[in-house]
Amino acid sequence: MAKKESPEFRKMQILEAAKKLFVEKGYHQTSIDDITRECGLTKGGIYWHFKSKWDIFTAMVEEHKKATHSLWGVIRNIELERDQLIEGGLLFIRAHLKDGWIMGVYSEIESEAMRNAEIRKRYLSIIEGEKGHLYSLVEEACRRGTVTISDPKILSDIIFLFMYSCINFYALTQGKFDIETMWRAFCDAMLDGIVKQ
C-alpha cells in the first residue's frame, strides 16, 4: 500500500513545481495544467491545497518572507565589528544568490507588485521588515561606536538599496557581476570614507 503524503508535503510539492515554472516561463505564461504536469498531481489535487494559481503565487511570497526573516535571525548573531558587518551583508547576498528560485521568482514578485496592489502591499511588507532588521543592526553598531553617522536610518536605507541593486544586477548579468568585490568596495567606502583626510 502506497504511503499517503502529508498535506504539508503536497503543498511544498506544488510550490516547488510552480517556482520552477514561474522561473522558466514567468507567472503569466504558466498555467495550472503546467503545474499539474510538473508536480504529477491532478487539478483536483492542486485545488485541494490552493484556490488558484494566484493563491500559489501569494503563498510563494509568504514563503519568501519567512525565509528572509530566518536569514535576518542568523545575521543578527554576528559581532558588530567592521569586518563582521561586511560579512553579514555578504551572508544576505549569498543566501539570495544560492537559492535559484529566489532570484528567478524575485523578478516575478517585483513585476506583479508593480501591477497588483495586494502583492505590492505584501512585498513592501517584506522590504520594510528587512529594512527594519538592518536598521536595528546599524543603530546598535552606532551605539557601540563601530559606525559613526548622525542618521542610522539613512545609512541603513543606503546599504539596503545597494544590497538589492547588487543582487538584481547579478541576476540581470547572469552571474557576470563580481558582487563580492563590489560589496567590499562599497563597504570600505561607506565605513572608511572616500576622501583622504
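A: A residue is called buried here when its relative accessible area is under 20%. The model under discussion is predicted. In this model F22 is buried, as is F57, and Y27 is likewise buried. Ring pairs join F22, Y27, W54 and F57 into a cluster.

The count of aromatic pairs comes to 10. One of them is formed by F22 and F57, an edge-to-face pair with 5.9 Å from centre to centre and 65° between the planes. This pair connects distant parts of the chain: F22 belongs to helix α1 (residues 7-25) and F57 to helix α4 (residues 53-75), 35 residues apart.

F57 also pairs with Y27. The planes of these two rings stand at 55°, with the centres 4.9 Å apart, so the pair is tilted; planes count as edge-to-face over 60 degrees and as stacked under 30 degrees. Because Y27 lies in the loop between α1 and α2 (32-39) while F57 lies in helix α4, the pair ties together parts that are 30 residues apart in sequence.

A charged residue also takes part in the surroundings of Y27: K53 lies over the face of the Y27 ring, at 4.3 Å from the ring centre.

Key
Residues are numbered from 1 along each chain as its sequence is written. This is a predicted model: local features need pLDDT of at least 70, side-chain atom pairs count only at pLDDT 80 or more; totals for chains, interfaces and linings use all residues. Side-chain values use heavy atoms; hydrogens and water are left out. Rings of Phe, Tyr and Trp (its six-membered ring) pair if their centres lie within 6.5 Å; planes under 30 degrees apart count as stacked, over 60 as edge-to-face and the rest as tilted. Helices (H or I, at least four residues) and strands (E, at least two) are DSSP runs, numbered from the N terminus. Buried means under 20% relative accessible area, exposed over 50%, partly exposed in between (1.4 Å probe, protein chains only). A charge sits over a ring if NZ of Lys or CZ of Arg is within 6 Å of the ring centre and within 35 degrees of the ring normal.
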